[in-house]
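Visitor: Hello! I am new to this structure and would like to learn how to read it. Could you walk me through a few features?

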Amino acid sequence: MAHCASVINIFSREVIDVKFVWRQWVVMMFFALFSVQSMAADGWSSYKSRYLASDGRIRDTGNNNVSHTEGQGYAMLLAVANDDRQTFDRLWQWTNAHLSNSQNGLFYWRYNPAASDPVVDRNNASDGDVLIAWALLRGGQKWNVAEYLQQSDKIQRAIVSHNVITFAGRTIMLPGAQGFNKNSYVIINPSYFLFAAWQDFADRSHLQVWSKLIEDSFDLLGEMGNFGSSGLPLDWVALNADGSLAPAIAWPPRFSYDAIRIPLYIWWYDPQSLRLAPFQRFWSNYSRLQTPAWINVSSNEAAPYNMAGGLLAVRDLTMGDTGQLSDQLDAKEDYYSASLRLLVWTAWKHR
């Protein structure tokens, strides 16, 4: 009986050991799976899974899944920041194949996959062109790819030729090659003022036009603060031949979803810039989660809803509240909000 009891005890210990090993294995596999899922849930991976089509097209989920040069340029910049050359190549190949305008070296601004002719409007958007050229420049420098640098140089020259003009004594960048120069006045979009990109172009080409564009655009931003008591610029502005500025009549006089990018682009160029002060002053009137998403600069009418997502990220960066910044995307965040959030993160981490 003693021998039997000994055998039973040995068998029991072996069973216990097997259970222990099994539990340990399950725990290890759980943490391994959790780790993989955590890695896959970083902002860039989430962005690609939500907005990037297999062919390299970025889908604007807040705008019927159309694509535009802005989105392609944003994603290309994010690919460089995340050292993801494979995705960068896919983005650039699709952009070059479907949006490139061989007539002027720029890019068609919008692509609608649901239309019989996906590119109906043959105009460009100068911010999209700048973003693409900037991403190619950064990618070429990061990965030592001469072809990217050459393509960037080519696009930069086309931007200067077709979008940068001297008007009312100022060097300005038109929003597009067509439709914005009205002779007696021009329409400008200050959210297209990509100062950090222009500075990189100046460093690359040594052309004074980029430095002049930076200087004059900063001056214009300062003058745009005179439209209302908020001191904020507008989404769209008219520059008259006499040098005066006025709200562009075809758009509401708002600091809104376009202009929210202005403080981001200023910060990306110079985090200590005094041009950030109007935004800081205005937003300091509101608690973080009670800041209106937009304001009518003329009437002071505020949006009936508050900032969230990428808009809030721009506010946090501008206000120096960087502890709130994250590359984690909200479950229902659309393309534009997610892009702003990751651009803020990139500016802060990779400036």
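Visitor: How many residues does helix α6 have, and what distance does α6 reach from its first C-alpha to its last?

Guide: Welcome! Please keep in mind that this is a predicted model. Helix α6, residues 146-162, has 17 residues and reaches 25 Å from its first C-alpha to its last. That is close to the 24 Å expected at 1.5 Å a residue.

Visitor: Which residues of α6 are buried?

Guide: They are Tyr148, Leu149, Ser152, Asp153, Ile155, Gln156, Ala158 and Ile159. The cover over them includes the helices α4, α5, α7 (195-205) and α8 (208-224), along with the strands β3 (164-167) and β4 (170-173).

Visitor: How do I read a pair of aromatic rings?

Guide: A ring pair is described by the distance of the centres and the angle of the planes. In this protein the count comes to 24 aromatic pairs. One of them joins Phe88 and Trp143, edge-to-face, with 5.3 Å centre to centre and 70 degrees between the planes. This pair links distant parts of the chain: Phe88 belongs to helix α4 (residues 85-99) and Trp143 to helix α5 (residues 126-143), 55 residues apart.

Visitor: Are Phe88 and Trp143 buried or exposed?

Guide: Phe88 is buried, and Trp143 is buried as well. For another pair, look at Phe255 and Phe279, which are tilted, at 5.7 Å centre to centre and 45 degrees between the planes. Here strand β8 (residues 254-255) holds Phe255 and helix α10 (residues 277-283) holds Phe279, 24 residues apart.

Visitor: Why does Phe255 count as buried?

Guide: Buried means under 20% relative accessible area. Phe255 counts as buried because its relative accessibility is 2%. Phe279 counts as buried because it also has 2% relative accessibility.

Visitor: Which residues do ring pairs link into a cluster?

Guide: Look for Phe193, Phe195, Trp198, Phe218 and Tyr269.

Visitor: And where does the charged end of Arg254 sit?

Guide: Over the ring of Trp294, 3.7 Å from its centre.

Visitor: Stepping back, how many helices and strands does the protein have?

Guide: Its secondary structure comes to twelve helices and nine strands. Buried residues make up 49% of the 351 residues. Among contacts between residues at least 6 apart in sequence, 61% join residues at least 24 apart. The accessible surface comes to about 16,700 Å², and 52% of that belongs to carbon and sulfur atoms.

Terms used
Residues numbered from 1 in each chain as written. Predicted model: local features only at pLDDT ≥ 70, side-chain atom pairs only at ≥ 80, totals over all residues. Heavy atoms only, no water. Phe/Tyr/Trp six-rings, centres within 6.5 Å; stacked < 30°, edge-to-face > 60°. Helix = DSSP H or I, 4+ residues; strand = E, 2+ residues; numbered from the N terminus. Buried < 20%, exposed > 50% of the residue type's maximum accessible area, 1.4 Å probe, protein only. Lys NZ or Arg CZ within 6 Å of the ring centre and 35° of its normal. Expected span 1.5 Å × (residues − 1). Contact = heavy atoms within 4.5 Å. Areas by Shrake-Rupley, 256 points an atom, 1.4 Å probe, with all protein chains shown as cover.
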